[in-house]
Amino acid sequence: MSSEEESMKVLDEMFWKRFIRKHWVITIICGAAVVGAIIGGILVLLLYIPASEVGGYGAWTFDEFSMGTAIVWVLLLILWEFLLVVLPTVAFFGILIGGYWFKILSEDDKEELKKRDKESKEEKKKWERLRGKKYEGGGGGFSFLLFIGVCIYVFIDGNWLTPFGSLSFSYFIYGYLTVFVWVSIIFGIPLVILIILWISGKFGEKV
């Protein structure tokens, strides 16, 4: 990384620290809304499983599903999640961010955000040209961690050698959700603390 790129990175970090400190209220609201949306999605899933006739109200095993019933089950879940979670969340963020942008955010902050958004898109295109392909996120590590967690959950629950046909599909979903919640708590709390320390690390400096 060149000295110019390093300097731009430092300036960018300083801008976001200053911006988040200045607009800490909406930052907290947005963070709480994201957490609420995740919790809402989990609750819809938990309510959908015992209420869906397709899947035997959560009692079917994997071998009882056909391709058709599996697709119907997933499509209905997506529909309910979209209606009860996605649409309200999008509407909430649209109203919140739109109102904040037009009513509260200063013109200087607007111009700075537009400038950085443009620079970010140009930087992304440059890296795509250099690599010859689009950047792919690295979510595989978290998925693997959840898989290991589910394996441990099944082992502790005494079903390590139980055939899949003897366990309902809802058992694995509940196990996955249990592991997801625990992993989120174990890694989420330190992550939040690190973010807070990162933001507040230079409160005494003029940036």
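1. Glu107 and Lys110 sit 3 residues apart in helix α4, so about one helical turn separates them. The two form a salt bridge, with 3.5 Å between the closest N and O atoms; the term requires a side-chain nitrogen of Lys or Arg within 4 Å of a carboxyl oxygen of Asp or Glu. Glu107 is exposed at a relative accessible area of 52%, whereas Lys110 is buried at 9%. Here buried means under 20% relative accessible area, exposed over 50%, and partly exposed in between (1.4 Å probe, protein chains only).

2. The model is predicted: local features need pLDDT of at least 70, side-chain atom pairs count only at pLDDT 80 or more, and totals for chains, interfaces and linings use all residues. Residues are numbered from 1 along each chain as its sequence is written, and side-chain values use heavy atoms, with hydrogens and water left out.

3. How many salt bridges does the rule give? The count is 2. Asp109 is buried, with 11% relative accessible area, while Lys22 is exposed at 53%. In general, side chains of opposite charge can pair when their charged atoms come close.

4. As for the overall make-up, the protein chain has 6 helices and 0 strands. Helices (H or I, at least four residues) and strands (E, at least two) are DSSP runs, numbered from the N terminus. Of the 207 residues in the chain, 25% are buried.

5. The largest pocket has a volume of about 900 Å³. A pocket is an open set of points on a 1 Å grid over the protein atoms alone, where a 1.4 Å probe fits, with protein on both sides within 12 Å along at least five of seven lines; lining residues have an atom within 4 Å of a point. The volume is the space filled by probe spheres set on the points, which are joined across faces, edges and corners.

6. Which residues lie nearest the centre of the largest pocket? They are Gly31, Val35, Gly188, Val192 and Ile195, out of 28 lining residues. Helices α1 (3-22), α2 (24-48), α5 (140-156) and α6 (169-200) each give two or more residues to the lining, and α6 gives the most, with 14. By type, the lining divides into 22 nonpolar, 5 polar and 1 charged.

7. A nonpolar surface patch of about 1,100 Å² includes Phe142, Leu145, Trp182 and Phe187 among its residues. Such patches join nonpolar side chains (Val, Leu, Ile, Met, Phe, Trp, Tyr) within 5 Å, using residues with over 30% relative accessible area and no salt bridge; areas come from the Shrake-Rupley method with a 1.4 Å probe. The largest share of the patch, 9 residues, comes from α6. Phe142 is in helix α5 and is partly exposed, at 38% relative accessibility.

8. One backbone angle deserves a check. Tyr57 has a positive phi of about 55° although it is not a glycine. Tyr57 is in the loop between α2 and α3 (67-103), and is partly exposed at 48% relative accessible area. Most residues other than glycine have a negative phi.

Technical notes
Nonpolar A, V, L, I, M, F, W, Y, C, P; charged D, E, K, R; others polar. Patch = residues over 30% accessible without salt bridge, like charges linked within 9 Å, V, L, I, M, F, W, Y side chains within 5 Å.
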